[in-house]
Amino acid sequence: MDEGRKKVWICLLVIVLAAVVIGILYYLSTPSAQSSEGFLIMAPEVENYAG
């Protein structure tokens, strides 16, 4: 039973480490240019209609 449990823990550790490595590679491969994309900023003229 201990041998099976050890294999499960090793498998989970490998999966977690693979996910971390893939995440780091993805983070490093994306461009890091500063842009306003992704931020919601309400224009002053929109406040009149939304209010």
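A polar atom of the Ser-29 side chain lies 3.0 Å from the backbone oxygen of Tyr-26. These values, like the others in this report, come from a predicted model.

## Helix 1

The protein has two helices and zero strands. Helix 1 covers residues 2-29, and Leu-28 is found in this helix.

The length of helix 1 agrees with expectation: at 1.5 Å a residue, its 28 residues should span 40 Å, and its end C-alpha atoms are 40 Å apart. Of these 28 residues, zero are buried, so helix 1 lies largely in the open.

## A nonpolar surface patch

Which residues make the nonpolar surface patch of about 540 Å²? The patch is formed by Val-16, Val-20, Ile-24, Tyr-27 and Leu-28. Of these, Leu-28 has a relative accessible area of 61% and is therefore exposed.

## The protein as a whole

The protein contains 51 residues, and buried residues make up 0% of them. To be classed as buried, a residue would need a relative accessible area under 20%.

How values were computed. Residues are numbered from 1 along each chain as its sequence is written. This is a predicted model: local features need pLDDT of at least 70, side-chain atom pairs count only at pLDDT 80 or more; totals for chains, interfaces and linings use all residues. Side-chain values use heavy atoms; hydrogens and water are left out. Patches are made of residues with over 30% relative accessible area and no salt bridge: like charges are joined within 9 Å, nonpolar side chains (Val, Leu, Ile, Met, Phe, Trp, Tyr) within 5 Å. Accessible areas come from the Shrake-Rupley method with a 1.4 Å probe; for residues, only the protein chains shown count as cover. A salt bridge is a side-chain nitrogen of Lys or Arg within 4 Å of a carboxyl oxygen of Asp or Glu. Helices (H or I, at least four residues) and strands (E, at least two) are DSSP runs, numbered from the N terminus. Buried means under 20% relative accessible area, exposed over 50%, partly exposed in between (1.4 Å probe, protein chains only). The expected span of a helix is 1.5 Å times one less than its number of residues. A polar contact is a pair of N or O atoms within 3.5 Å; within protein, one must be able to donate a hydrogen and the other to accept it, and residues adjacent in sequence count only if both atoms are side-chain atoms.
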